Amino acid sequence: MEVRVDFHTHIIPEDLPDFAQRFGGDRWPVMERTCSCGANIMVAGKLFREITDQCWDPKRRIQDMVQEGVDMQVLSPIPVTFSYWAPTEAAEAMARLQNDFIADTVRAYPDRFIGLGTVPLQDVESSIREMDRCIHELGLKGIEIGTNVNGQNLDDPALLPFFEMCEKWEVPLFVHPWETLGRERMPRHNFMYTLGMPSETALAAASLTSGGVMEKFPGLKICFAHGGGSFPYILPRLDQGWSVWPHLRVTEQPPSYYAKNFYFDSLNYDPLNLMLLVERFGHEKIVMGTDYPFLLQEIPPGKVIRATAALTEEQKQAMLGANALEFLKASR
C-alpha cells in the first residue's frame, strides 16, 4: 500500500515550562502565548519565532495532513530546544519533557505519527541514558541531533561512545542544523536559514566522513535535513582534498566512500538538486521531508519529488513514504 510519510516536521509542547525561571540563564526558549492558536518563542527576551497551534496540536496537524495527502508525520523537536549549552541536569530535563510529549502524541495517534527524541549531547553519558529511555521505554524510533555541540564538530572524540551505542542499538539519527557557523556575518536577509544552515549541515556531514566516525561505525544510520545542505554538491571537492593531502587523512577511503551510507530528506526545492541526490546516493536514500509547519516548508508535501520527470513512478513512491519507514524500522 502506498504511504505518504513526511520525515521532517517539528513539534513542541504547548505548556513548555519556563526553564529560564527554573534553572536561570537567558538562552532558554520560552513560550509566550499570543492567542488561543498562536505563540511566540522568545530567547533572551527577543522574538525567535512566531508559531501557531500547528506546532503543538496533533488534531490541527492531522487536519493539514488530510488536506495535503500525508498519511504519517515523523515528529522531532525544534532545534532551538536542544540546549547543548546548558548544564547537563537542566538540558536532560528539557530533553525528557519533550521526549515524553512526543511519545504521548504518538501513543494517542499511532497511525498518524512516528516520534524522534532528543538527548543532551554535551554530556555523552546522559545522552546514552536518555536515548536508552527514548528507544527502549518510550518507543520512539530515532534521535534528532544538532550539527555541532557547542562549536565542536560531530567527529569530536568525546561523542564516539554515543555513536557507538547508536550503532549497537541500531538507532537512526536525524541531523538538523543549529547554532550555524558564520552567524555573525548573516544578520540580514535571513541568510542564517538560507545559507548558514546548508553550510552547517555540510560541515557536519563532512566531519562524519572525513573525521573517521563513519569508518569506525559503518552501521550508523544517519539522515541529514534539507537535502544534506551543500554537502552533496561539494563532496567531489572533499574527495579531492583527501587525495592531494595524504598527510591529513584519518580514513582509509575518500569521503564519498563513507557518504554512500547517508540518507537525506528531499527538502531542496528543485528537481535538478533532487536528481543530484538520486544520482550520487540512490533513490533508496531519499525520504520526503517538508519542515512542517515553518515558512520554508515545501507545500504541497512531495512537490519536488512529483515534479522530477526523470524519476520512475516506483522511485517516487519509495521516496514519498516507503524509504522513511524502512529507515526508521517503522510500519503504518
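Strand 4 (46–52), helix 6 (191–210), helix 8 (231–244) and helix 10 (271–281) each contribute at least two residues to the lining of the largest pocket, in what is a predicted model. Among these contributors, strand 4 gives the largest share of that lining, with seven residues. The largest pocket has a volume of about 1,600 Å³, and of the 47 residues that line the largest pocket, those closest to its centre are Arg 49, Met 192, Tyr 193, Met 197 and Leu 296. By residue class, the lining of the largest pocket divides into 27 nonpolar, 13 polar and seven charged residues.

The volume of the second largest pocket is about 400 Å³, and its lining is made up of 18 residues, of which Ser 210, Leu 238, Gly 241, Trp 242 and Trp 245 are the closest to its centre. Here the largest share, six residues, comes from helix 8, and the lining as a whole divides into nine nonpolar, six polar and three charged residues.

The largest cavity has a volume of about 40 Å³, and the residues lining it are Asp 6, Asp 64, Met 65, Glu 68, Val 70, Gln 73, Thr 290, Tyr 292, Gln 297, Glu 298 and Pro 301. Helix 2 (residues 58–68) gives the most to this lining, with three residues, while the lining of the largest cavity divides into four nonpolar, three polar and four charged residues.

The last feature to follow is a pair of packed helices. Two packed helices are described by the angle between their axes and by the distance between those axes. For helix 4 (residues 124–136) and helix 5 (residues 160–169), the packing angle is about 20° and the axes lie 9 Å apart. Because angles under 35 degrees count as roughly parallel, helix 4 is roughly parallel to helix 5. Helix 4 passes helix 5 in a right-handed crossing. On the side of helix 4, the contact is formed by Val 124, Ser 127, Ile 128, Met 131, Asp 132 and His 136, which meet Pro 161, Phe 162, Met 165, Cys 166 and Trp 169 in helix 5. The residues of this contact between helix 4 and helix 5 divide into eight nonpolar, two polar and one charged.

Key: Residues numbered from 1 in each chain as written. Predicted model: local features only at pLDDT ≥ 70, side-chain atom pairs only at ≥ 80, totals over all residues. Heavy atoms only, no water. Axes fitted to C-alpha atoms, helices over the stretch in contact; angles between N-to-C directions. Helix = DSSP H or I, 4+ residues; strand = E, 2+ residues; numbered from the N terminus. Parallel < 35°, antiparallel > 145°, perpendicular 65-115°, else oblique. Left-handed = near helix turned anticlockwise from the far one by under 90°. Contact = heavy atoms within 4.5 Å. Nonpolar A, V, L, I, M, F, W, Y, C, P; charged D, E, K, R; others polar. 1 Å grid on protein atoms, 1.4 Å probe; cavity = no way out; pocket = protein on both sides within 12 Å on 5 of 7 lines; lining within 4 Å. Points joined across faces, edges and corners; volume = space filled by probe spheres on them.
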